[in-house]
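Hello,

Here is the structure I promised to pass on. Please have it open while you read, and my notes follow below.

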Amino acid sequence: MTQITVGEVAWEDASTGGNQQSDFMRLSEGDNKGRVLSNPQQYAIHWVVDETGQNRKVNCAVHECPVCLRGQDTDRPTARWMIKFLNRKEGRVQLLEIGSQVLQGIKELVKSSDWGPVTEYDINIRRGPKNAKPLYTVMPLRHSPLTNDEKQSLVDFNERVDILRFVTPPTPEVVAEKLGWDSSTASAKSVDNSFKSSTTGSTKKSAIDFDF
Ligand SMILES: [Zn+2]
């Protein structure tokens, strides 16, 4: 059931506060069934090879982002969306990061007259084998109202987990630190707060909204 990590973990993997490893869902190959429970929150990520040669994912700082500023071909930010998802396999609400393929699949359902608001039916996000194109397909399952227990688990989840923590752009210093880059160059350029204060804790609408 719930995966519990014990022993030594990487700093960035160590859970803090009320957020647990089990609050995040990963799409595995095959079926991933569940219910979308929120509008998508849009943010941007980078894939960067760090100093130890590992390919790492970091959130884009957007403003004065050291990866964007480096400007190599592979440094372009990629859009991602975070949604709340009732994972049927785990029987719990989790945060799920999706890319444009899954987003488009869900949007098509939302726009279709047969399906409509995505909270009213389960979907199956099927992940194909490695290198499959498309890698993800989104299929609707059946219309069924959420039970009171399911609604309550969303309320509990919302009380415990702040989705904005994971989609708010980090400071340039944090990005540099995660990659083991010299943060003094980043901090020298940092005028990050103007951007941050306009998004942190606000009810800013994501660029793409479901009719929810
Ligand atoms: Zn960036």
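A residue is called buried here if its relative accessible area is under 20%, exposed if over 50%, and partly exposed in between, using a 1.4 Å probe and protein chains only. By that rule C65 is buried, at 2% relative accessible area, while C68 is partly exposed at 30%. The structure holds zero disulfides, a disulfide being a pair of cysteine sulfur atoms within 2.5 Å.

Before you go further, please note that this is a predicted model, in which local features need pLDDT of at least 70 and side-chain atom pairs count only at pLDDT 80 or more, while totals for chains, interfaces and linings use all residues. Residues are numbered from 1 along each chain as its sequence is written, and side-chain values use heavy atoms, with hydrogens and water left out.

First, the overall picture. The chain has 212 residues, of which 37% count as buried. Its secondary structure comes to seven helices and eight strands; these are DSSP runs numbered from the N terminus, with helices being H or I of at least four residues and strands being E of at least two. Taking a contact as heavy atoms within 4.5 Å, 67% of the contacts between residues at least 6 apart in sequence join residues at least 24 apart. The chain exposes about 12,700 Å², and carbon and sulfur atoms supply 49% of that area, as computed by the Shrake-Rupley method with a 1.4 Å probe, where for residues only the protein chains shown count as cover.

Two strands are said to pair if DSSP finds at least two bridges between them. Strand β5 (residues 78-87) pairs with β6 in the antiparallel sense over seven bridges, and F85 stands opposite Q94 of β6. These strands form a hairpin with four residues between them, and G91 in the turn has a positive phi of about 70°. β1 runs parallel to β6 and is joined to it by two bridges; M25 has L96 as its bridge partner in β6.

What makes the pair of F24 and F166 edge-to-face? Their ring centres are 5.0 Å apart and their planes stand at 85°, so they qualify as edge-to-face. The rule is that rings of Phe, Tyr and Trp (its six-membered ring) pair if their centres lie within 6.5 Å, with planes under 30 degrees apart counted as stacked, over 60 as edge-to-face and the rest as tilted. F24 is in strand β1 and F166 in helix α4 (residues 164-167), 142 residues apart. F24 is partly exposed at 34%, whereas F166 is buried at 17%.

Finally, there are eight salt bridges, each being a side-chain nitrogen of Lys or Arg within 4 Å of a carboxyl oxygen of Asp or Glu. One of them joins D31 and R126 at 2.8 Å, N to O. D31 lies in the loop between β1 and β2, and R126 in strand β7, so this pair ties together parts 95 residues apart in sequence. Another links K57 to E97, with the closest N and O atoms 2.8 Å apart; K57 is in strand β4 and E97 in strand β6, 40 residues apart. D75 and R70 also meet in a salt bridge, where D75 is buried at 2% and R70 is partly exposed at 37%.

Best wishes
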